[in-house]
Structure formats: C-alpha cells, structure tokens
Amino acid sequence: MNKDPNPAIPLTLIIPPGEFLLEDLKDFILFGYYKSYSAFIESSKILGGKAHQLKGIIIDNSGYPLSFLPLQKIPSGTPVYIYTGSIGDPSWLFENLDLLRSDCHILLPSGNPGSFTSVKFLASLGINCGIEFQDDRIDWDGVENVAGYIFTSEIPHGIIEPFTYLLENYNPREYLDFNIALLNTPLRFLYVDEELNIYPTRTAMLNNRKTGSGKEYLKNYPQTKEYRDLKFKWKDLFMSLNPCSTCPAFRICLGKFAGGDTDLVRCRSAFSKILEGIENYKQNQTGIRVNG
Ligand code: SF4
C-alpha cells in the first residue's frame, strides 16, 4: 500500500551540452538543455557523434511562440521537449506536422490562458504536449477542462501531460508524482550549468537558486539533506495537519500546491474531479490515444 512515488533510480542530469560536461558526467543519464533552437542546431554540429550520449533534448523557447522556431530536424529516437509561450501561427503546425508528431513534446505555461485550448488543439493533431504548472498562476477551470478531454475523448489524440501520466499510472493503492512526466522533480532530474552548479528545477536555474555544486555533490546527492527533505516533504504535510492531509486527491497530487499562493480549496476541487475522472475512465475504459 502507498509505495514510495519516487523510488531510488539513476538521476538524469540536464546539462548545457559541451564536450567537457559530456565527458565529465558520462556516468549519469544526460539530457541536453538549449536556450534556443538555433543553439541546439549549432551544438549538434559541434558535438557530432557525441550528441548521441544525450538521452533527451530540452529546448527553451518560453516567451516566444512555437511558430518562431526554424524546425529543421529532430534527432530520431531522442525525445525532444520544447518549452514555449504559445502556438503562434497555426499554419506553421501543419507545415511541420510530421516533425512535431515524431518524439516531440510541447510544454505550454499554465499562466497563459490560451494554453489549455492550445494543448487540446495540439493533441487533436496527434502532437504530444503538456501543461507546465506555474505556482500560483493556474487557470483551474482550464485544468479541469483539459483533464476532462483526456479522460473522455473517444477520438484518437496525442498525450497531454500530466493528465495522461496520471491516467496511465494510476493505482488506487499507490501515490503518484506527476512531476515526473513534466521533468520537474529534483528527485529524478537536476539542472547543471557549465560551472557544475546544481539546480533543483528549471525555474530555480533561471533564478540562480542553486542547491549545491560539484561532481562530488552530484554523486552523493541521494544522501544529502536536501534530497531527504524533498523525498519526505509530503509526510510533513500530515505531521503539520496541513489541509492537504485531508484532501481526497492527495495520492495523485502529493500536496504540490501547498506552501504557495494557491487557494487550496480550488486545487482540491480540481484534483478531486481529476481523480473522479480517472476512476470513471478505469471503470469504463473508453479513452483511445495515439502516440506516446
Ligand atoms: S490538490 Fe491542493 S489540497 Fe489537494 S493535495 Fe494537492 S495541493 Fe493539497
């Protein structure tokens, strides 16, 4: 009952790819992090065959529309995650449909009201995508609407994270950490910069809030206080009798919105509906999806 949602597994490091880091961190699973699509193309040329050491690619296009990207090629067999501000010109999607339907995941911000319509549009075209939850900037009606689409649509569609992850991994006897699907948990993913400074999330890296530095810290990370505190943070919510401790949806949320500016009544309502939608789906098994 209630297995650890984040059992010890090899860490994935998200690094700015350069020959030095690829060599120095070769004992870890490595994802490349690029500040722009052109940086990705340029780096691929420089790294040549070594680029295959990267098991995933993250391209940060946030703040810009997806249609600003000069998509040329997506490495086959390597998942590519693109953070972007919006879709932009829809005709660009149709021009690049084959590339986008390959192993590509488009992540849109919860703070942009258009994101929830956009992910449904992308998924209906067979493009995998997701919503990046941004602390207090969440349109909960949008969350409920997209979750309802994933749980009830009988038309083939791409995945929308984290709802597809919750649906596919739900077990009423276990806790689930949906941040795994969004590459957003420092229990699985760490961001590393050129100086080997280590950040728990992309947001922390962009705001220069490091958790440690150096290769030794990385090797010993599962034994650090930071790691243990994170791993058992959800238990503290019960000890302190936080409202999350009585939330029916705790097992699929783990109190992710506690401690911020989020109205816990609102997230409790949204995630309770999500939980109900998952349980109904499991009973009826009506959903059909493509990709993923
Ligand atoms: S949905 Fe809200 S109230 Fe429920 S566990 Fe998550 S953060 Fe806590």
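**Exercise 1. Find the loop that holds Leu-196, and decide whether this residue is buried, partly exposed or exposed.**

Step 1: Leu-196 sits in the loop between strand S8 (189-192) and strand S9 (197-199). Helices (H or I, at least four residues) and strands (E, at least two) are DSSP runs, numbered from the N terminus. Before going on, note that you're looking at a predicted model, where local features need pLDDT of at least 70, side-chain atom pairs count only at pLDDT 80 or more, and totals for chains, interfaces and linings use all residues. Residues are numbered from 1 along each chain as its sequence is written.

Step 2: Check the backbone. Leu-196 isn't a glycine, yet its phi is positive, near 65°.

Step 3: Now the neighbours. A residue is buried if 20 or more other C-beta atoms lie within 10 Å of its own, exposed if 12 or fewer, and partly exposed in between, with C-beta atoms placed from the backbone. Leu-196 has 19 C-beta neighbours inside 10 Å, so it counts as partly exposed.

**Exercise 2. Work out why the buried residues of H5 line one face of the helix.**

Step 1: List them. In helix H5 (residues 115-124), the buried residues are Ser-115, Phe-116, Ser-118, Val-119, Leu-122 and Ala-123.

Step 2: Look down the axis of H5. The buried residues fall within an arc of 155° (taken from the directions from the helix axis to the C-beta atoms), so they line one face of the helix.

Step 3: See what they pack against: strand S4 (80-86), strand S5 (104-109), strand S6 (128-132), helix H6 (140-152) and strand S7 (160-161). Packing rests on contacts, and two residues are in contact if their C-beta atoms, placed from the backbone, lie within 7 Å.

Step 4: Past the helix, H5 is followed by Gly-126, with a positive phi near 85°.

**Exercise 3. Describe how H6 and H13 are arranged.**

Step 1: Their axes come within 10 Å and cross at roughly 5°. Axes are lines fitted to C-alpha atoms, for helices over the stretch in contact, and angles run from 0 to 180 degrees between N-to-C directions.

Step 2: H6 and H13 are therefore roughly parallel to each other, since angles under 35 degrees count that way.

Step 3: Pick out the contact. H6 brings residues including Trp-140, Glu-144 and Phe-151, while H13 brings, among them, Arg-266, Lys-273 and Tyr-281.

Step 4: Sort the contact residues: nine are nonpolar, two polar and three charged. Here Ala, Val, Leu, Ile, Met, Phe, Trp, Tyr, Cys and Pro count as nonpolar, Asp, Glu, Lys and Arg as charged, and the others, Gly among them, as polar.

Definitions and conventions:
Angles under 35 degrees count as roughly parallel, over 145 as roughly antiparallel, 65 to 115 as roughly perpendicular and the rest as oblique.
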